[in-house]
Amino acid sequence: RGMPMPTCMKHAILLDVSFALQYLHTRKPRAVCHRDLTARNVLLTADMRAKLGDFGVSKALLPSRMSQLGELTTLVPGNPVYMPPESKQVGAHYDTALDIYSLGILCICTITEEFPDELEAVSGTGRGVVSLLNSMCQENERLTKGLVVRCVATRPEERPSAQEVSEFLRETVKLDGQQQHVRTKTNRMDILQLRLEVDKLQKELAGISLGITPQIEPKVSREDYDRERREKEEAVSTIEILKQTKVEFTTRIDHLKQEKKEAKDKAKKYKKDIKTERELKEDALQRMEELQRVHSAETEELKQEMLRVRVRVEKLSASKSRRPRRT
C-alpha cells in the first residue's frame with residue numbers, strides 16, 4: 001500500500017489466480033465454478049504469492065448440467081461488475097466461462113488499478129470496462145488484445161479456457177524475465193529488510209512503554225546494503241561456477257579412468273598375442289629340428305643302402321668275370 005506495484009508482479013499474481021481456476025475447472029469427476037472471483041477474494045502471502053479464497057457460493061458442476069448452473073439460483077452469485085451478461089438474464093444459463101469473465105475484469109482492475117463501474121461511467125464520476133480497456137491497451141497491448149478482450153467477450157463460447165489463460169500468462173511472465181511462482185531477489189530482500197525494521201520498531205516501542213531506554217544502533221546505508229547484496233550474489237555465482245567446474249573435472253576423470261582401463265585391456269591382449277606367437281615360433285623350430293633329424297637319418301640310411309648295392313654289384317661283376325666262356 002502506498003507504493004506502485006511492478007507490472008511483472010501483477011502478471012505473476014494473475015498467473016497464480018489462473019492456476020487456481022485451472023485446478024477448479026479441471027476437477028474430476030465434477031468441475032467447480034467459483035462464481036465470486038473478485039479482487040477482495042484474492043489473498044497475497046508475505047512473498048506476494050496469490051491465493052484464491054471465499055468459496056461460499058461456489059458450485060460443483062454435474063457433467064450433464066454444465067450449461068444449466070444458472071437454474072440453481074435466481075440471484076447473481078457474486079459482485080455484478082465481475083459477472084458476465086448471461087448471468088444477469090432471467091433463467092440464466094452459465095458454466096465455468098463465468099469465472100473467465102470475472103478473471104478478465106480482475107485483470108483490468110489489477111493492471112489499471114481502477115475499478116470499472118458502468119453506473120459511475122454514465123454519471124461521469126467513473127470509468128467503464130471499455131474505457132479502462134482502451135487505457136490498458138496503451139500500456140500493455142499484448143495482454144489486452146491477446147487475453148483480456150477475449151476473457152470479457154459477450155458470448156461465453158468465445159472466451160478461452162482456464163488452461164489457455166494460464167499458458168498465455170506463463171509466457172507473459174517469462175517475457176518479464178520471471179519464472180513460475182518466483183519473484184526477484186531484490187523484492188524478497190527488500191521485504192525482509194522491512195520486516196526487520198518493523199520488528200526493531202516494535203521492540204523499541206515495547207521498551208519505551210516499560211520505561212526502558214532503547215539502544216540506538218547504527219543504521220546501514222543503502223550503499224553498504226547494495227554492496228553487501230552484490231557481494232553475496234557474486235559469492236553465490238562463484239560457488240555455482242565452482243560446482244560446475246567440479247562436475248566437469250569429475251566427468252573428465254571418469255573419462256580418463258575409462259581410457260586407462262581400455263589401454264590395460266589392449267596391453268593384456270597384446271601380451272597374450274605375443275605369447276601365442278612366441279609359442280607358435282618355438283613349435284615351428286622344434287618341428288624343423290625334428291624334420292632335419294629325420295632327414296639326416298633317412299639320408300644316412302640311403303647312403304648305407306647305396307653302399308650295399310655298390311658292393312653287391314662289384315661282387316656280381318667279379319663272379320661274372322671268373323666264369324669260363326662257352327664256345
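This is a predicted model: local features need pLDDT of at least 70, side-chain atom pairs count only at pLDDT 80 or more; totals for chains, interfaces and linings use all residues.
Colleague: Where do I start, and how many helices and strands does the chain have?

Modeller: Start with the inventory of elements. This chain has eight helices and four strands. In sequence order the pattern is α-β-β-β-β-α-α-α-α-α-α-α.

Colleague: What percentage of the chain counts as buried?

Modeller: Of its 327 residues, 27% count as buried. The accessible surface of the chain is about 24,100 Å², with carbon and sulfur atoms holding 55% of that area.

Colleague: What share of the contacts joins residues 24 or more positions apart?

Modeller: Take the contacts with a separation of 6 or more; 62% of them link residues 24 or more positions apart.

Colleague: Next, the core. How many residues are in the largest nonpolar core, and which have the most contacts inside it?

Modeller: A nonpolar core is a set of buried residues joined through side-chain atoms within 4.5 Å. The largest one here has 43 residues, and Leu37, Leu103, Ile105, Leu106, Ile108 and Leu143 have the most contacts inside it. Elements that each supply at least two of its residues include helix H1 (7-25), strand S1 (32-33), strand S3 (50-52) and helix H6 (162-175). H2 gives the largest share, 10 residues.

Colleague: Take one residue of that set. What does Leu103 touch?

Modeller: Leaving out residues up to four places away in sequence, Leu103 touches Val17, Ser18, Leu21, Leu37 and Val165.

Colleague: Now a helix pair. At what angle do H2 and H5 pack?

Modeller: Read the angle together with the axis distance. Helix H2 (residues 97-112) and helix H5 (residues 141-151) pack at about 135°, their axes 7 Å apart. Angles over 145 degrees would count as roughly antiparallel, so H2 is oblique to H5.

Colleague: Which residues of H2 and H5 meet?

Modeller: From H2 they are Ile100, Tyr101, Gly104, Cys107, Ile108 and Ile111; from H5, Leu143, Val148 and Cys151. By class, this contact has eight nonpolar residues, one polar and no charged.

Colleague: And at what angle do the axes of H4 and H5 cross?

Modeller: They cross at roughly 130° and come within 5 Å. H4 and H5 are therefore oblique to each other. On the H4 side the contact uses Leu133, Met136, Cys137 and Glu139, and on the H5 side Glu141, Leu143, Thr144, Lys145 and Val148.

Colleague: How do the residues of the contact of H4 with H5 divide?

Modeller: Five are nonpolar, one is polar and three are charged. Leu143 of H5 takes part in this contact and in the one with H2.

Technical notes. Residues are numbered from 1 along each chain as its sequence is written. Side-chain values use heavy atoms; hydrogens and water are left out. Axes are lines fitted to C-alpha atoms, for helices over the stretch in contact, and angles run from 0 to 180 degrees between N-to-C directions. Angles under 35 degrees count as roughly parallel, over 145 as roughly antiparallel, 65 to 115 as roughly perpendicular and the rest as oblique. Contact means heavy atoms within 4.5 Å. Ala, Val, Leu, Ile, Met, Phe, Trp, Tyr, Cys and Pro count as nonpolar, Asp, Glu, Lys and Arg as charged, and the others, Gly among them, as polar. Buried means under 20% relative accessible area, exposed over 50%, partly exposed in between (1.4 Å probe, protein chains only). Accessible areas come from the Shrake-Rupley method with a 1.4 Å probe; for residues, only the protein chains shown count as cover.
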